[in-house]
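Reader: I'd like a close look at one part of this model, please. Could you take me through it slowly, one neighbour after another?

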Amino acid sequence: MSAPREAPPRDVLGVITAIGAVTSVGRGAAASCAAIRAGISRPRRVSHFQVLEPETQDTVPLTAHPIQGYTDGFVGMGRWLRLARGCLGEVLETPGLPRPSDARFWDRAGLLMVIPSRDDGLFELEGDDGLEGIREDCLRPLLDALGLALPDAKVWVVDQGPAGTATAVQQASGELWRAGFERVLVLAVDSLVDPEALRMLDEEGRLKVGDNPVGLMPGEAGACFLLEQEEAVRRRGAAPLALVTGVATAEERLHLYAGHVSQGAGLAACLREVLARGPVPARFEGDLYSDLNGEEWRAREWGTALVRLGDALGAHGVQLPCVSVGDVGAASGALGVCLSVHAFTRGHSRTAQSLVVSSSPWGAVGCLRLHSTGA
């Protein structure tokens, strides 16, 4: 018997009207989400990175989740650009959505690009905020290629890693709505299969290899969604796919790179905050999309957060996309949003509501709550 459906809160933060995704199991949101739901996985040997096999003492290619035939030959920001073009292009081609050249529609739009934390050291810091190189080398070529005329003043980079999607939604539904924006594209990309990312993860002992069974399996993905103000969607007569009804972010003071074992305080605080936005205090019994990835520090953080929450989460169903696509880093939050929307629109959501929970090794954590439009 399915769990009872709960009506969404009246103060909706935003409405999702389009999604796009590129993963190792699909070249589009529908294909990726259906494959992940079905448990399909396509791990492969990556020839550009060798690891030591403890039993034989031979070096062998690492097993990971690359998007074969799509990102081959691309590195660094070129790889991000490739992933971004796939998922953002899918969103812009959504039936019923005005063309990218429609200046009247996109005049009140912005774009928030979610990437790994600059603390990871994966990119050179340039410009006043250290992110100018990403705008020049990735964002500008991306928008030019897709014909989307957004000036630099309406494009921002969110370098919060996995928690970046929650941060982006918080920024959109707060300061950007107040500034007169009607819609925001939230675009998240990351590749832990990139040679430089693999080198860093290997040096830090975070990869799942023969002598480290509790490491992560690297993946890569691009995920994007269009978030609009509810009134703007109603005015243009568009069909909403899902409602964003809660968002919270926090910092775990005791995080992986601080050399501590996380106590889950920040994550528990995020979950309490979004659960408190329900119409009545009730246990959450929907789907929970987590970025748990096989690493011990993340499992401990989640476990201690559950202890702090008591029975507030109820009989929720935990969904682990990394089982199919590996750890997709900064793209995990937006991919969780796409999976939630897909479950709502295809009718296989448990209770027509979901949570997307994200955690960064640098301490940034976030949580989103979504409801089906038919809840």
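Author: Happy to, and one term comes first: a residue is buried under 20% relative accessible area, exposed over 50% and partly exposed in between, using a 1.4 Å probe and protein chains only. This is a predicted model, in which local features need pLDDT of at least 70 and side-chain atom pairs count only at pLDDT 80 or more, while totals for chains, interfaces and linings use all residues. Residues are numbered from 1 along each chain as its sequence is written, and side-chain values use heavy atoms, leaving out hydrogens and water.

By that scale, Q57 is exposed, because its relative accessibility is 53%. Q57 sits in the loop joining β2 (44–53) and β3 (58–64), and its phi is positive, near 60 degrees, although the residue is not glycine. A352, however, counts as buried, because its relative accessibility is 1%. You will find A352 in the loop between α11 (332–346) and β11. (Strands here are DSSP runs of E with at least two residues, helices are runs of H or I with at least four, and both are numbered from the N terminus.)

β11 leads us to the part I'd like to show you, the sheet. Its 10 strands make an open, mixed arrangement in the order β5-β4-β6-β7-β1-β8-β12-β11-β9-β10. Strands count as paired if DSSP finds at least two bridges between them. At the edges, β5 (155–158) and β10 (317–319) each have a single partner strand, so one side of each has no neighbour in the sheet. From one strand to the next, the twist averages 25 degrees.

Let's look at β7 (residues 220–228) within that order. Of its 9 residues, 9 are buried. E220, G222, C224, L226 and E228 point one way from β7, whereas A221, A223, F225 and L227 point the other way. β6 (residues 183–191) pairs with β7 in the antiparallel sense over 9 bridges, and S191 stands opposite E220. β1 (residues 14–22) is also antiparallel to β7, over 7 bridges, with V15 as the bridge partner of E228.

(Contact means heavy atoms within 4.5 Å; axes are lines fitted to C-alpha atoms, for helices over the stretch in contact, and angles between N-to-C directions run from 0 to 180 degrees.) Helix α8 lies across β8 (242–251), β11 (353–359) and β12 (364–372), running at about 150 degrees to β8.

The axes of α8 (residues 265–275) and α9 (residues 296–309) come within 8 Å and cross at roughly 50 degrees. From α8, A265, L267, A268, L271 and R272 touch E301, W302, A305, R308 and L309 of α9. The residues of this contact comprise 7 nonpolar, no polar and 3 charged. In that count, Ala, Val, Leu, Ile, Met, Phe, Trp, Tyr, Cys and Pro are nonpolar, Asp, Glu, Lys and Arg are charged, and the others, Gly among them, are polar.
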